[in-house]
Amino acid sequence: MGYGHSDLVRPHIVEPVTLKILVAGGFGVGKTTLVGAVSEIRPLRTEELLTEAGRPVDDIAGVESKTTTTVAMDFGRITLREDLVLYLFGTPGQDRFWFLWDELATGALGAVVLADTRRLEDCFAAIDYFERRDIAFTVAVNCFQDADRYPEDSVRDALDLDPGTPVVLCDARERESVKHVLISVVEHAMLATAPRG
C-alpha cells in the first residue's frame with residue numbers, strides 16, 4: 001500500500017505575529033474595561049479596593065462611583081486575524097505606579113491613550129510619555145454617557161497633538177468599538193515605523 005501525494009501534504013500552519021499594545025490614560029478612564037471588553041481570554045487584573053489611606057493621592061473627582069484601582073497592570077489578548085495577535089497591557093493610572101510604565105513599554109509596538117472629555121488633562125502625562133519615547137499612539141476618547149461629545153479635531157487641538165496622531169471616539173465597553181481603536185493603533189504604528197524613501 002503506497003501513499004498518495006495528498007497524504008504527504010501537511011496543512012499550512014500560520015505562525016501569528018504577536019504585537020504588544022499598551023493601554024494608558026488617567027485614573028478611572030476605562031482602561032480595565034477596554035481590555036476586558038475585547039480580550040478573548042479571561043483578562044488578568046490586578047485591581048485592589050480604594051481605601052481611606054489612598055484618598056489623599058487618588059483623585060476620584062468625576063469618578064466618585066469607582067471602588068477599585070489597577071495596581072500593576074491589566075493583561076488581555078485578541079486575535080485580529082489568523083496571522084495577527086495583540087497582547088494588551090493596561091497601565092495603572094495613578095502617578096505613584098508610573099515606575100511600572102518603563103517595564104510595560106519595553107517592546108511595545110504602540111499604545112492607546114484613553115481619554116475622558118470631562119477630565120481631558122488626565123491624559124496629558126500619558127501623551128507626553130509616549131511622545132518622549134517615540135512610541136506611536138492613538139488617542140481614544142471614551143464616550144461616557146454624561147460627557148459632552150466633541151469632534152475629533154477639537155480633541156486633537158485641545159491635546160495639542162501632531163496632525164498625524166489618530167483620534168477616535170469609542171465605547172470602552174463595546175468589543176467592536178475597541179477593535180476599531182486597536183486597528184487604528186496598529187495601522188498608525190506600522191506607518192510610523194515604515195522605512196521612508
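Where is the place of D134 in this chain? D134 sits in the loop between α4 (124-132) and β6. Hello everyone, that is my way into this structure.

A word on the ground rules. This is a predicted model, in which local features need pLDDT of at least 70 and side-chain atom pairs count only at pLDDT 80 or more, while totals for chains, interfaces and linings use all residues. Residues are numbered from 1 along each chain as its sequence is written, and side-chain values use heavy atoms, with hydrogens and water left out.

Back to D134. Its phi is near 55°, a positive value in a residue other than glycine. For background, most residues other than glycine have a negative phi. D134 is exposed, at a relative accessible area of 73%; exposed means over 50%, buried under 20%, and partly exposed in between, with a 1.4 Å probe and protein chains only. D160 also has a positive phi, near 55°. The loop between α5 (152-159) and β7 holds D160, which is exposed at 64%.

Now the overall layout. There are six helices and seven strands in the chain, taken as DSSP runs numbered from the N terminus: H or I of at least four residues for helices, E of at least two for strands. Starting at the N terminus, the order is α-β-α-β-β-β-α-β-α-β-α-β-α. Of the 197 residues, 46% are buried.

Let's go inside. The largest nonpolar core has 26 residues, and those with the most contacts within it are I21, L86, L88, V112, A140 and L182. By nonpolar core I mean buried Ala, Val, Leu, Ile, Met, Phe, Trp, Tyr and Cys residues joined through side-chain atoms within 4.5 Å. Helix α6 gives the largest share of this core, six residues. A second, separate core has 25 residues, including F75, A115, A126 and I135.

Leaving aside neighbours within four places in sequence, I21 is in contact with residues including L86, L88, V112 and L182, where contact means heavy atoms within 4.5 Å.

Among the buried residues of α6 are S177, L182 and H188. S177 touches L169, C170 and D171, not counting residues up to four places away in sequence. A polar atom of the S177 side chain lies 2.9 Å from the backbone nitrogen of D171.

D171 has another partner: its side chain meets that of R173 in a salt bridge, 2.8 Å from N to O. The term covers a side-chain nitrogen of Lys or Arg within 4 Å of a carboxyl oxygen of Asp or Glu. R173 counts as exposed at 59% relative accessibility, whereas D171 counts as buried at 17%. Elsewhere, salt bridges with shared partners join D116, R118, R119, D122 and D146 into one network.

The structure holds 11 salt bridges. My last stop is R77 with E40, whose closest N and O atoms are 3.0 Å apart. This pair links distant parts of the chain, 37 residues apart: R77 is in strand β3 (residues 68-81), and E40 is in the loop between α2 and β2 (44-49). R77 is partly exposed at 28%, and E40 is partly exposed at 34%.

How values were computed:
Polar contact = N/O pair within 3.5 Å; in protein donor to acceptor, adjacent residues only side chain to side chain.
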